[in-house]
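Subject: Structure handover and notes

Hello,

My notes come after it.

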Amino acid sequence: MNKLCELLGIQYPIISGGMVWCSGWRLASAVSEQGGLGLIGAGSMHPETLREHIRKCKLATEKPFGVNVPMLYPELDSIIDLIIDEKVPIVVTSAGNPKTYTGKLHEHGIKVLHVVSSAKFALKSQEAGVDAVIAEGFEAGGHNGRDETTTMCLIPSIAPNLSIPLIAAGGIYDGRSIAAALALGAQGVQIGSRFAVSEESSASDAFKDLCYKAQEGDTKLVLKQLAPVRLLKNSFYEKVVALESRAASADELKALLGKGRAKKGIFEGDMIEGELEIGQICSLTNKPETVAQIFDDLIHGYQAVVKRLPCSL
């Protein structure tokens, strides 16, 4: 059995990203029901909202699921205590020090995966005792690495030096992507953008529709002075670029960002002033799909790729 599948108790080495305003209990449970690992995105939830999503996810599936916890958000201690209390089996931490909660989560039998954007931090995560590493290239949507290392470069630089499972993220879209990631040394993949615009995603229809229409080059990594994030281009994006082009201060950028900007765009459907976080690969999405349809395409696409690879060079 695949090392990652054995670790997580899943059928396929496919994880859905724990994306703010997209990854609620419906998406997480649908992915887990298909044999992958569904994640609830805690970054957009207060503790009691997260508890509700966890409990609804348990009712919707008996298969393993997890919670993604971005460590740059508030109420972390309460979130971790709640996850322990609800006996969530798997946690994915990101945007922070993996040592902070790994030991505590392990004490309660919870598996810990940590998201990194460099080989250096992959090794530090392994030293911190995490169970697996998710290495995310800068093609990914949402918060991202400052070094702009692509997934195709990141995975082979990490794989030879890691003794725990490695998961590739960023630019993973179909069976071809999965085959490429496994060939580079990963034991599995994390898919964000394609699930973000699935029918089970809690993102607004307006956001999904705009992503279906996106073309190559319609996203860009910005806000590097604060926390790098890949955005779909719109009026808010243009304002960010204008400030950055005149070397605006971090305080000016924070003032523009304000509060609830991602919620305004992704969840509430303001395509003009909202912060629209999505990966480069969204240019390949062009229609609504259910999670079941996505899995069918991923699995059959992967099998087709493997069959048509040449036997020798």
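First, the conventions. This is a predicted model, in which local features need pLDDT of at least 70 and side-chain atom pairs count only at pLDDT 80 or more, while totals for chains, interfaces and linings use all residues. Residues are numbered from 1 along each chain as its sequence is written, and side-chain values use heavy atoms, with hydrogens and water left out.

Helices

Helices (H or I, at least four residues) and strands (E, at least two) are DSSP runs, numbered from the N terminus. Helix H14 covers residues 291–308, and its 18 residues should span 26 Å at 1.5 Å a residue; the expected span is 1.5 Å times one less than the number of residues. The end C-alpha atoms of H14 are 26 Å apart, which agrees.

Burial is given as relative accessible area: buried is under 20%, exposed is over 50%, and partly exposed is in between (1.4 Å probe, protein chains only). In H14 the buried residues are Val-291, Ile-294, Phe-295, Leu-298, Ile-299 and Val-305. They line one face of the helix, because seen down the axis of H14 they fall within an arc of 130° (the arc is that of the directions from the helix axis to the C-beta atoms). As background, an α-helix has 3.6 residues a turn, so residues three or four places apart point the same way. Lys-307 and Arg-308 are exposed on the other side of H14. The buried residues of H14 pack against strands E1 (14–16) and E9 (188–191), and against helices H2 (25–33), H8 (175–183) and H9 (193–196); contact means heavy atoms within 4.5 Å.

Helix H5 (residues 99–107) has Tyr-101, Thr-102 and Leu-105 as its buried residues. Seen down the axis of H5, these fall within an arc of 120°, so they line one face of the helix. Lys-99 and Glu-107 are exposed on the face of H5 turned away from the buried side. The cover over the buried residues of H5 includes helix H4 (76–85), strand E4 (90–94) and strand E5 (111–116). Just after H5, Gly-109 has a positive phi of about 75°.

Salt bridges

The structure holds 14 salt bridges, each defined as a side-chain nitrogen of Lys or Arg within 4 Å of a carboxyl oxygen of Asp or Glu.

- Arg-51 and Asp-85 meet at 3.0 Å, N to O. The pair links distant parts of the chain, with Arg-51 in helix H3 (residues 47–60) and Asp-85 in helix H4, 34 residues apart. Arg-51 counts as buried at 17% relative accessibility, whereas Asp-85 is partly exposed at 48%.
- Lys-224 and Glu-148 have their closest N and O atoms 2.1 Å apart. Lys-224 is in the loop between strands E10 (219–222) and E11 (229–232), and Glu-148 is in the loop between strand E7 (142–143) and helix H7 (151–158), 76 residues apart.
- Arg-194 and Asp-297 meet at 3.0 Å, N to O. Arg-194 belongs to helix H9 and Asp-297 to helix H14, 103 residues apart. Arg-194 is buried at 3% relative accessibility, and Asp-297 is partly exposed at 34%.

Arg-51 and Asp-85 also belong to a network of salt bridges that links them with Glu-48, Arg-55, Lys-58 and Glu-86.

Glu-136 is found in strand E6 (residues 132–136). Glu-136 is buried yet has no salt bridge, and the nearest side chain of opposite charge, Arg-230, is 9.1 Å away. For that search, Lys and Arg count as positive and Asp and Glu as negative, while His and the chain ends are not counted. Not counting residues up to four places away in sequence, Glu-136 touches residues including Val-115, His-143, Leu-154 and Gln-190.

The sheet

An open sheet of 3 strands has the order E7-E11-E10, with antiparallel pairing; two strands pair if DSSP finds at least two bridges between them. E7 and E10 stand at the edges with a single partner strand each, so one side of each is left without a neighbour in the sheet. E7 and E11 pair over 2 bridges. Gly-142 lies in E7, and its bridge partner in E11 is Arg-230. Gly-142 counts as buried at 10% relative accessibility. Leaving aside neighbours within four places in sequence, Gly-142 is in contact with Pro-228, Val-229, Arg-230, Glu-277 and Ile-278.

Regards
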